[in-house]
Amino acid sequence: MEPNFFPDEESEKKRYLEHNNDIYDLGYQNFVSPVVSKVKSLHGPNDSGLDFGSGPGPVISHLLAESGYSIQKYDPYFFPNPSIWNQVFDYIVACEVVEHFYDPYKEFARLRTLLHPDRGNFIVYTDPIYESLNFPGWYYKNDPTHVFFYSNETMDWIRNEFGFSKLTIHGRLFVFSA
């Protein structure tokens, strides 16, 4: 999206509050289950994690905490936690977040510095764009806070540009490994 069309902070926060982000909603839990499962398959409860862009209903953090994981939350509107910028994490999850980045290069660079350099994983959940997609009919572009879209090729470019050793793609789930 062209920057002059980006929503202002008030409109953006208002849009986020329209989402049904009830941590006890089974539909919401099922939606994020691929992210939670991936964390559990790659990391144990003693690993340090960050739920980046957790929103007002941090269901991933909630579900992982139920399994004994300790994961910090960060969201500029709902969980502003500036201490994260001085830490290193074993994993970072960004579920339905990267499409909101006004400056994706800057955000990916910042998040990469927060990952443990030898064993960190950045787990991204977003709806990718692809060549045969019917863009005019694509629901995902209709959210005014979705300002940037990613293809599998873009994600591979990110892997290379930010020095990740590996990228694993499972539909909407992208795992960047340190």
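The buried residues of helix H4 pack against strands S1, S3 and S4 and against helix H5 (152–161). Contact here means heavy atoms within 4.5 Å, and helices (H or I, at least four residues) and strands (E, at least two) are DSSP runs numbered from the N terminus. All of this comes from a predicted model, in which local features need pLDDT of at least 70 and side-chain atom pairs count only at pLDDT 80 or more, while totals for chains, interfaces and linings use all residues. Residues are numbered from 1 along each chain as its sequence is written, and side-chain values use heavy atoms, with hydrogens and water left out.

Which residues of H4 are buried? They are Pro104, Glu107, Phe108, Leu111, Arg112 and Leu114. Viewed down the H4 axis, these buried residues fall within an arc of 155°, so they line one face of the helix. The arc is taken from the directions that run from the helix axis to the C-beta atoms, and buried means under 20% relative accessible area, with exposed over 50% and partly exposed in between (1.4 Å probe, protein chains only).

Now for the sheet itself. It is open and built from 6 strands in the order S2-S1-S3-S4-S6-S5, with mixed pairing. Strand S2 (71–74) and strand S5 (166–170) sit at the edges, each pairing on one side only; two strands count as paired if DSSP finds at least two bridges between them. From one strand to the next the twist averages 15°. Helix H4 (residues 104–114) packs on this sheet, touching strand S1 (49–52), strand S3 (91–95) and S4, and its direction makes about 160° with that of S1. Such angles run from 0 to 180 degrees between N-to-C directions, with axes as lines fitted to C-alpha atoms, for helices over the stretch in contact. In the loop between S3 and H4 sits Glu96, which has a positive phi of about 55° although it is not a glycine.

Strand S4 (residues 121–125) and strand S6 (residues 173–177) run antiparallel and are joined by 5 bridges. One of the bridge partners in S6 is Leu173, which goes with Tyr125. Asn121 is also found in S4. With a relative accessible area of 8%, Asn121 is buried, and its side chain makes a polar contact with the side chain of Ser177 at 2.9 Å. A polar contact is a pair of N or O atoms within 3.5 Å; within protein, one must be able to donate a hydrogen and the other to accept it, and residues adjacent in sequence count only if both atoms are side-chain atoms. Leaving aside neighbours within four places in sequence, the contacts of Asn121 include Leu42, His43, Leu115 and Phe176.

Aromatic rings come next. Rings of Phe, Tyr and Trp (its six-membered ring) pair if their centres lie within 6.5 Å, with planes under 30 degrees apart counted as stacked, over 60 as edge-to-face and the rest as tilted. By this rule the count comes to 24 aromatic pairs. Phe31 and Tyr125 have ring centres 5.4 Å apart and planes at 65°, so this pair is edge-to-face. Phe31 belongs to helix H2 (residues 26–42) and Tyr125 to strand S4, 94 residues apart. Phe31 is partly exposed at 31% relative accessibility, whereas Tyr125 is buried at 8%. Phe108 and Phe176 also form an edge-to-face pair, 6.3 Å centre to centre with 65° between the planes. Phe108 lies in H4 and Phe176 in S6, so the pair ties together parts that are 68 residues apart in sequence. Phe108 is buried at 2% relative accessible area, and Phe176 counts as buried at 0%.
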